[in-house]
Amino acid sequence: MPLLAAAAAASAVAPPPSRRVAPLTSIRTPRTGSLALTVARCSPSHSAPAAAEAPAPPQEAKPKPRRYPKQYPGEAVGVAEEMRFVAMRLRNPKRTTIKDDPGAGTEASDASEDDEDDGGVKEEHEKEEEGELQEGEWMPSMEGFVRYLVDSKLVFDTIERVVAESTDVAYVYFRKSGLERSACISKDLEWFNEQGIAIPEPSTLGSTYATYLTELAESNAPAFLSHYYNIYFAHITGGVAIGNKISKKILEGRELEFYKWDTDAELLLKDARDKLNELSKHWTRKDRNLCLKEGAKCFQYLGKIVRLIIS
């Protein structure tokens, strides 16, 4: 016991053991003016993804201007009006026949409302005084005019027969129009026969055209109706003027039945024109273009037949 008490008393008086302290490291301060600054370099940070940025609103594409097909002259009225422009485009005042131009049927030009087609024929010296003859004048012959009547009768016979007998519903609108000329030409040929003038057979020109019309009527009604209308159109607007000229020069003023109608021929032609325009509303642009092309071909045929008058 005395030993334990002495040990306890000694531990109470003895100081605690000392701790080890790390030696201080001297800090060297640089001289004034030579303080070096170092810039910490950091690795480049990746930019924020593009999706994080607000996207620019997409620019709306401007709508392309709507393109409308170019309208043919007279198209708003009807195909007959379009063909009238073609007829005036073919008009040539310096020749007795039209100039053959395969592309003429697809072209059109501006013209005044007062212009009329002459059926592929234009007489020279239209304003000459009665009885005045000039060198190079358009001079008909009796035999040539009779040949012209014979071929014309064959052409009118053909178109009038097709319209009267065909089962195509398009042709029904033009039956008994009052424009018919075949019977009238027959009367004129009878009169010439009584005068002792021989009546020949149709020429190759008339026969070829009549055959073409017959075949066309069976294959394409719009194309045939183009010829149908233009034949009457040419006769009324140009053929009558030719008839008057011939009457004065070689028939002593006799007016032939070919140039007579029971009523106003212009009104009859207008009625046929209105029906054709109404019918063409159901045709495609391709059908209308074909009518224009056939119209040009019609005047080529008629122009060649008219040349028989001066042959």
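Guide: Patches are made of residues with over 30% relative accessible area and no salt bridge, where like charges are joined within 9 Å and nonpolar side chains (Val, Leu, Ile, Met, Phe, Trp, Tyr) within 5 Å. Accessible areas come from the Shrake-Rupley method with a 1.4 Å probe, and for residues only the protein chains shown count as cover. The model is predicted: local features need pLDDT of at least 70, side-chain atom pairs count only at pLDDT 80 or more, and totals for chains, interfaces and linings use all residues. Residues are numbered from 1 along each chain as its sequence is written, and side-chain values use heavy atoms, without hydrogens and water.

Visitor: Which residues form a nonpolar patch on the surface?
Guide: Val 169, Val 172 and Tyr 173 do, with about 300 Å² of accessible area together.

Visitor: Why is Val 169 called exposed?
Guide: Exposed means over 50% relative accessible area, buried under 20%, and partly exposed in between (1.4 Å probe, protein chains only). Val 169 has 59% relative accessibility, so Val 169 counts as exposed.

Visitor: What makes the contact of Glu 82 with Arg 288 a salt bridge?
Guide: The term requires a side-chain nitrogen of Lys or Arg within 4 Å of a carboxyl oxygen of Asp or Glu. The closest N and O atoms of Glu 82 and Arg 288 are 2.7 Å apart. Glu 82, Arg 285 and Arg 288 are linked in a network of such bridges.

Visitor: How do you know whether Glu 82 is buried or exposed?
Guide: Glu 82 has a relative accessible area of 1%, and is therefore buried. Arg 288, at 10%, also counts as buried, whereas Arg 285, at 24%, is partly exposed.
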